Amino acid sequence: MLKIYNSLTRKNEELKTKEAGIVNMYSCGPTVYYFPHIGNFRAYLFMDNIRRVLKYNGYKINGVMNITDVGHLTSDADEGDDKMLVASQRENKSPWEIAKFYTDVFMVDAKKLNIDLPENIVPATSVINEMIEFVKVLIEKGYAYETSKGIYFDIARFPAYGALSGMDIREKLAGARIEVDDEKRSPYDFVLWVKAPKEHIMQWESPWGMGYPGWHIECSVIGDKYLGEYIDLHTGGIDHKPVHHENEIAQSNCFYGHQVVSAWMHLEFLQIDGGKMSKSLGNLYTIADLEKKGYSAEDFRFFYFLAHYSKQQNFTFDSLDMAKNTLKSIKNLAKEHKNGNAKVDTSAYQQEFLDSINDDLNMPKAIAVVQKMLKEERSSDVYLALEKFNQVLGLNLEEENDIPQEIKDLAEKRWQAKLAKDWAVADQLRGEIDSNGYVIKDKKDGYDILRK
Ligand code: AMP
Ligand code: ZN
């Protein structure tokens, strides 16, 4: 039985779905205004993690992720400029070009990380009409009102506001530095639709004149369009909990008149050297940065497994080294097991692996189970179990292709020398292969090439 920590009820509970065997799942996606960093990708590795664990448990997934290409202001609480606008000025490109470019960058990295992407990936700008219709309903039902600046959600009409973060949001936001706007009924009312000044570069016709959507409305509307009025599971980063997700709950629950999302899961942040990542500190790394330093996207994927998603994870190059080496040793052992002849009963390991992932995605424990199993006598039974676990891990266990041709050639020459009992040449070739970072393991009638 899959148990997850539901941030809404603050309990570990069994995942329940409206329809047996099918999970309606929504994941907050990227704002495509800049290169995604490895912290962002921790969020999508988490999404991948839960998706693969659901599938491992036999669920079918209806998954949706938004792509924010309009409306996300530099502060999550509706202040500052639109991030797309800032990027388009910075790079002297249209917001559409910016969105296309950074969506492609995201997809390339997601593929390198072997992230199991949702069935539907939906840009906010593709649902402008639906957003307008949704806002209209909120106005009709008395949950939203118009000012000279836009359409605002009236938080006073939704007493349950703040339930997810469990703090008195009204107090918190009222105390926060919020632009005074006399037209708003209260300072914590948030924007659903913004009336655009003439010069604003992204705007659409609406019943309230030209304008563009607020950031939060896109997730309610995309969820509604693709999943309907009941969503079993909603994922996102912890930073989204106090504003973005509270607002989404307010919008969706008022639209339908009932609770829409039953379970929320939140990912804690990746820290760098024990602190925050930021461009100004020069410690904001992308997958491409890691690659330049000699790490693969897969090394970072494996690094993700080494901490529980609900805990902050500290990134250092030492810890990434550790992840890389552990991954290497797992792959080397996997290869040895593949052709192993011993008989090993892996059922206890399989149970332990399942129990770990079903215990709110305890990946560090699941990896420990893998490592324990790999210590068994070399056996193809172990390899078969590992292949099964790999549905969750998503690693490239068959590294054959990653071994450069020149190393394969050297290995083949050495093998021929060995067959010809030309020990001196065989040893010299082995040395050469070794100094290139590979080792040869001889078998009865052949050899394996392993990365050191
Ligand atoms: P954004 O593209 O800015 O909307 O962020 C995309 C996702 O990355 C969101 O779900 C954030 O919660 C998440 N995120 C941003 N920074 C970090 C971090 N340092 N660690 C983990 N997740 C993060
Ligand atoms: Zn969202």
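Helix axes are here lines fitted to C-alpha atoms over the stretch in contact, and the angle between two of them runs from 0 to 180 degrees between N-to-C directions. The exercises below concern a predicted model.

**Exercise 1.** Describe how helix α10 and helix α12 pack, and decide whether they are roughly parallel or oblique to each other.

*Solution.* Two packed helices are described by the angle between their axes and the distance between the axes. For helix α10 (residues 317–338) and helix α12 (residues 363–374), the angle is about 40° and the axes lie 10 Å apart. Angles under 35 degrees count as roughly parallel, and 65 to 115 as roughly perpendicular; α10 and α12 are therefore oblique to each other. Their crossing is left-handed. On the side of α10, the contact is made by Thr326, Ile330, Leu333, Ala334 and His337, while α12 contributes Val370, Gln371, Met373 and Leu374.

**Exercise 2.** Identify the protein donors of the zinc ion (ligand 2), and work out which parts of the chain the pair Cys219 and His244 ties together.

*Solution.* Because Cys219 belongs to helix α6 (residues 216–227) and His244 to helix α7 (residues 241–256), the pair ties together parts that are 25 residues apart in sequence. As for accessibility, a residue counts as buried under 20% relative accessible area; Cys219 has 1% and is therefore buried, and His244, with a value of 1%, is buried as well.

**Exercise 3.** Locate Trp208, decide whether Trp208 is buried or exposed, and list the residues that Trp208 touches.

*Solution.* Trp208 is found in the loop between β10 (191–195) and β11 (211–213). Its relative accessibility is 11%, so Trp208 counts as buried. Leaving aside residues up to four places away in sequence, Trp208 touches Ile132, Val135, Lys136, Ile139, Glu146, Ile151, Trp193 and Lys195. Glu387 stands 179 residues from Trp208 along the chain, and the C-alpha atoms of these two residues are separated by 56 Å.

**Exercise 4.** Summarise the protein chain as a whole, giving how many helices and strands there are and what share of residues counts as buried.

*Solution.* The protein chain contains 15 helices and 17 strands. Of its 452 residues, 53% count as buried. The C-alpha trace spans about 90 × 50 × 35 Å along its principal axes.

Terms used: Residues are numbered from 1 along each chain as its sequence is written. Chains are lettered from A and ligands numbered from 1 in the order in which they are written. This is a predicted model: local features need pLDDT of at least 70, side-chain atom pairs count only at pLDDT 80 or more; totals for chains, interfaces and linings use all residues. Side-chain values use heavy atoms; hydrogens and water are left out. Donors are N, O and S atoms within 2.8 Å of the metal (3.2 Å for Na, K and Ca); water is not among the atoms, so sites may look incomplete. Helices (H or I, at least four residues) and strands (E, at least two) are DSSP runs, numbered from the N terminus. Buried means under 20% relative accessible area, exposed over 50%, partly exposed in between (1.4 Å probe, protein chains only). Angles under 35 degrees count as roughly parallel, over 145 as roughly antiparallel, 65 to 115 as roughly perpendicular and the rest as oblique. A crossing is left-handed if the near helix is turned anticlockwise from the far one by less than a right angle, and right-handed if clockwise. Contact means heavy atoms within 4.5 Å.
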